Number of protein chains: 2
Amino acid sequence: MTEKKSPPPAADLPAVRRARRSKGGYTLRDVAKLAGVAPITASRALNTPSAVSPAVLERVREAVERIGYVPNMLAGGLASKRSRLVAAVIPTITGSIFLEMVQSLTQTLADSGYQLMLGQTGYENSREDALLETIIGRRPDGVVLTGIMRSGHARKRLINSGIPIVETWDMTSTPIDMLVGFSHEKMGVEVAQFLHARGRRRVAMISANDERAIRRNKAFAETALALGMAPPGATEVPSFIVPAPTSMISGRTGLRSLIAQYPDIDAIFCSSDLVALGVMIEAGVLGMAIPDRLAVIGLGDLDMSRDFHPALTTVRIDGTRIGSIAGRFIIDRAEERPVETYVQDIGFSIVERGTT
Amino acid sequence: MTEKKSPPPAADLPAVRRARRSKGGYTLRDVAKLAGVAPITASRALNTPSAVSPAVLERVREAVERIGYVPNMLAGGLASKRSRLVAAVIPTITGSIFLEMVQSLTQTLADSGYQLMLGQTGYENSREDALLETIIGRRPDGVVLTGIMRSGHARKRLINSGIPIVETWDMTSTPIDMLVGFSHEKMGVEVAQFLHARGRRRVAMISANDERAIRRNKAFAETALALGMAPPGATEVPSFIVPAPTSMISGRTGLRSLIAQYPDIDAIFCSSDLVALGVMIEAGVLGMAIPDRLAVIGLGDLDMSRDFHPALTTVRIDGTRIGSIAGRFIIDRAEERPVETYVQDIGFSIVERGTT
DNA sequence: ATGAAAGCGCTAACAG
DNA sequence: CTGTTAGCGCTTTCAT
């Protein structure tokens, strides 16, 4: 019963027309033929059903079903100049704090017929340019940046390409295009105030060394200092800085190092939950009771942070929300919907649990 | 100095030819014009540099550089029927045990000019069909399955599409197409023997309920039983089964539940490191010393498993290797290279650390 | 509401 | 080694 894909078997076309024969599966032409309409009508039935009569719609749908037709989005994208592809750029996928965002971005996009392409920059600049080349080559309808485009050249290239851009996980006053994030400075201030309110007076930090962390740390340190929370003998808030990506081991070594210098430390602000969890493990080894002897606060609110004992106090960022807003921004832009703003501060919240 | 993209300004073409004007950036034609060659020659210079004279190569490269030309892969893919796109299907990205594989797959593909498209099935069957539609629609050069294609319909659809398929994380005797993985049965047997060799005699399991885990558990239970390792009062190896995805909390509740029934248990085999880590945390709360009172062995070898105290003994699967092999398989197939085999068992290894 | 024609940007197929 | 021509499968434009 299968209507075979048919280069009309009759030799009624000049032989030269068959210089290049199609080999893949069914095409829209097959559907159209089967439904007894022109290809463009079949196209309309699939893309703008309202623009076609119910009878035709029905017949086209039936034809599609019958042969199992799946539209070729490469062809569609080429013709319409809308690839329905969105690229997201993250440092690395393993152990990433951006996965929640990626997940919801994927979902949001999928719901509107868009797909996500994931690009990893790694932690060296070298790959950014190559990555950008491949991204632009696919002509995506948008790019979501997690803010780790360090190569100025790549950045400029991207901007020049004219592809809509969403920057995330930060609030800058000079966005390239669209923006959804939160203020790292504000977070530093609030965490310091939070620890102060809990009675902590000798604080320290363990942190990655990326640009945002540095701004966050600065705000934290200044606030803490102003509140008189530096440990005895320290003129600054002590910090243990590790290169990204951070891990539990950073927390373990960090705690050891800090305690060796400032035995009186009574609270540590960590730049990720993983680091905070590492601090907890090392505190266990050292026999330091948490939260009595030492308070710990993380950043990111991993699932497992809730499952530790005691459960970890942390700063929560709603990655899911970032992802869905970023997705909406791009879709709205692609479909030329009128939109109030393309900048959004989603804030953060301190989730207090057992470690403070 | 910028050579503007030029619809020849003279009105020397019939108006009708301009029915559809290009709007995007530069095209290969612009490059060719600038280099003084035919478009196809420019194409060759970029894709098969060896097929072109050094002089032409140089001129084309210069032209590309000058205008910042980036090839349109939608057009290229459409014309050549090779999209250079590969799809990977995983349950979900957050908390996935497949990320290491995805990472290395991405890398392997990128090195050969291919890109990865990530598809998530979620933990309900419902989305699989829709996901497949979008995957096929992009005409990828291959699909990597992590073995969670439950919908028979989707599976059949995929097979019929003719897209090369790599199944991973398992060894079946009846692969659809290509295969790279390891034997879950063998793992069950070896873990039981390992615990036996360490002197454990009252074992239990905490496990997810997916099909592979079930096969693994069966092998573990049979071997353990044969070796006389069921706890007193049990005729079977006790197990605590939780729905996927597993997490630390599964381990915590699992341990409580098992100990309540069989207080003498002296070793637990967990279906993931996260579960094992949860067991460790709960053991700490219950005051059960690890490994003296209770041995724990996980599966997956997460980074953090090494950083716990004591460090976790676990079964390591080389996800990086799975990814690179799967990538190679697809690339070799796409480029029609002669290949010995498209099936590979990469095995696993038990990494003994402090919990056994 | 439907269709014909043209073309998106690129590469396969065949010359020369 | 280089060029001409046709066409990948779809959608835009314009006409009916």
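1. The model is predicted: local features need pLDDT of at least 70, side-chain atom pairs count only at pLDDT 80 or more, and totals for chains, interfaces and linings use all residues. Residues are numbered from 1 along each chain as its sequence is written, while chains are lettered from A and ligands numbered from 1 in the order in which they are written.

2. The same surface serves both copies, since 98% of the contact residues of chain B recur in chain A.

3. In the interface, 47 residues of chain B are in contact with 47 residues of chain A (contact: C-beta atoms, placed from the backbone, within 7 Å). On the side of chain B, these residues comprise 20 nonpolar, 18 polar and nine charged (nonpolar: Ala, Val, Leu, Ile, Met, Phe, Trp, Tyr, Cys and Pro; charged: Asp, Glu, Lys and Arg; polar: the others, Gly among them).

4. Chain A is assigned domain 1 (10-67), domain 2 (82-182 + 319-346) and domain 3 (184-316), with bounds from an automatic or database domain assignment. The C-alpha centres of domain 1 and domain 3 of chain A are 63 Å apart.

Conventions: Contact = placed C-beta atoms within 7 Å.
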